[in-house]
Amino acid sequence: MNGSLFEPRLRDGDYTPRFFAYYYKQWHDYTMPYHDHHSTEIMYMISGLCRVDVQTGGKAESITLRKGEFIMLDAGVPHRLVVEGEQSCRMLNVEFGFTEGVRVGPSIRQMAAEEQGITALMSRPFPYLVLSDPEEVYYALKSLVLELDQRKEHPGAMAELLFMQMLVRIARLREEAERNNTQQTDMYVKRCIEFLHLNYDQNIVVKDMAAAVNLHSGYLHRIFKKHTGQTLTAYLTMLRMDKARMLLQQTDIPIQEIADYVGVASRQYFHMLFKKHTGKTPVEYRSAVERHVWNYAEEEGDNISRRKNIPDAGKLQINNKKPLKHCRF
């Protein structure tokens, strides 16, 4: 069968690992041609530096691997190793697939039932996975390769158990990396939102937001949209229009100046954005708010008149409440 971890049969039947290749290799000034395997491959960096180019979705992606990092490549994914110039690297490789039946150790299905991390790992397909290892995966992988070397073509229970240990380590490491990444992403998005609330009245663009949180603008854009459901520009526009509504409703700042208060350079553009956001022009919005306040006052006056039998209570000074003075926050 195919050597992918994501084969549905692995979760339904009983399969154990089958090993196709395993070796140590020192690479120097080498470019490998693109190729793929029917098996899953793990390339673990013991020392040095290298690049792995992977073709996914019709385009190539480049991953730099450093000491203590490894890449797991799914079956059928075209890739190549590149070691440039004077740089060298030492790598530990293993390629594996699966065979039906249980010899001694537990099957993949049985391990997944015991270890939720393996279920999660097998349920979310990826063309490749890159992780930084605190040497937990390395020791399991090294022990596995040494055992395979000793048993040659007839790996026994120990090899199967070491493989399962390695898989558990990888699954747990991925879960930990995802938790840390989520926490870090939350922090970056929170800092970006704080920056926008403090600077919405300025002429800011995406690169200013990215610089404020020390991230590449493209990456910030992706994590912000994933976290909030909005692009950075859309969030900033929403914030500015909400501030404009507040200023129109609670102050007597001239409408022609509101655009400057919320950081929109063009008054014409501000009017267009405001109508798109609220369904009303700034003039219509302020007029509607004033009518609402006036009607509320009249209604209260009528209630007072009915309760206290005071004639024409609706004409009391409550209707002549002075607006807030021209102010800037």
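Is Arg 11 buried, exposed or partly exposed? Arg 11 is partly exposed, because its relative accessibility comes to 36%. That value, like the others here, was computed from a predicted model, so let's take a tour with that in mind.

**Around Arg 11**

You'll find Arg 11 in helix 1, which covers residues 9-12. Leaving out residues up to four places away in sequence, Arg 11 touches Phe 6, Arg 109, Met 122 and Ser 123. Take Ser 123: along the sequence, 112 residues separate it from Arg 11, yet in space the two C-alpha atoms are 9.3 Å apart.

**The chain as a whole**

Zoom out, and you can pick out 11 helices and six strands in the chain. The chain has 329 residues, and 41% of them count as buried. What about contacts between residues at least 6 apart in sequence? Of these, 75% link residues that are at least 24 apart.

**Two helix pairs to look at**

Helix 5 runs over residues 157-199, and here are two of its partners.

| Pair | Angle between axes | Axis distance |
|---|---|---|
| Helix 4 (residues 136-151) and helix 5 | about 160° | 9 Å |
| Helix 5 and helix 7 (residues 217-228) | roughly 95° | within 10 Å |

How do helix 4 and helix 5 run relative to each other, parallel or antiparallel? They are roughly antiparallel, because an angle over 145 degrees counts that way and theirs is about 160°. Their crossing is left-handed. On the helix 4 side, the residues making the contact include Val 137, Ala 140, Leu 141, Leu 144 and Leu 148, and on the helix 5 side they include Ala 159, Leu 162, Phe 163, Met 166 and Ile 170. Sort the whole contact by class and you get 12 nonpolar, two polar and three charged residues. Glu 136 and Glu 147 of helix 4 and Arg 169 of helix 5 belong to this contact too.

Helix 5 brings residues including Tyr 188, Val 189, Cys 192 and Ile 193, while helix 7 brings residues including Tyr 219, Leu 220, Ile 223 and Phe 224. By class, this contact has nine nonpolar, four polar and one charged residues.

**Cysteines without a bridge**

How many disulfides does the structure hold? The count is zero. Cys 50, for one, has the sulfur of Cys 89 as its nearest cysteine sulfur, and that is 4.5 Å away. A disulfide needs the two sulfurs within 2.5 Å, so Cys 50 is in no disulfide. Cys 50 also counts as buried, because its relative accessible area is 4%.

Most residues other than glycine have a negative phi. Asp 29, though, has a positive phi near 45°, and you can find this residue in strand 1, which spans residues 15-31. Glu 135 also has a positive phi, near 75°. Its place is the loop between strand 6 (128-132) and helix 4. Where does Glu 135 fall, buried, exposed or partly exposed? Glu 135 is partly exposed, because its relative accessibility is 41%.

Definitions and conventions:
Residues are numbered from 1 along each chain as its sequence is written. This is a predicted model: local features need pLDDT of at least 70, side-chain atom pairs count only at pLDDT 80 or more; totals for chains, interfaces and linings use all residues. Side-chain values use heavy atoms; hydrogens and water are left out. Buried means under 20% relative accessible area, exposed over 50%, partly exposed in between (1.4 Å probe, protein chains only). Axes are lines fitted to C-alpha atoms, for helices over the stretch in contact, and angles run from 0 to 180 degrees between N-to-C directions. Helices (H or I, at least four residues) and strands (E, at least two) are DSSP runs, numbered from the N terminus. Angles under 35 degrees count as roughly parallel, over 145 as roughly antiparallel, 65 to 115 as roughly perpendicular and the rest as oblique. A crossing is left-handed if the near helix is turned anticlockwise from the far one by less than a right angle, and right-handed if clockwise. Contact means heavy atoms within 4.5 Å. Ala, Val, Leu, Ile, Met, Phe, Trp, Tyr, Cys and Pro count as nonpolar, Asp, Glu, Lys and Arg as charged, and the others, Gly among them, as polar.
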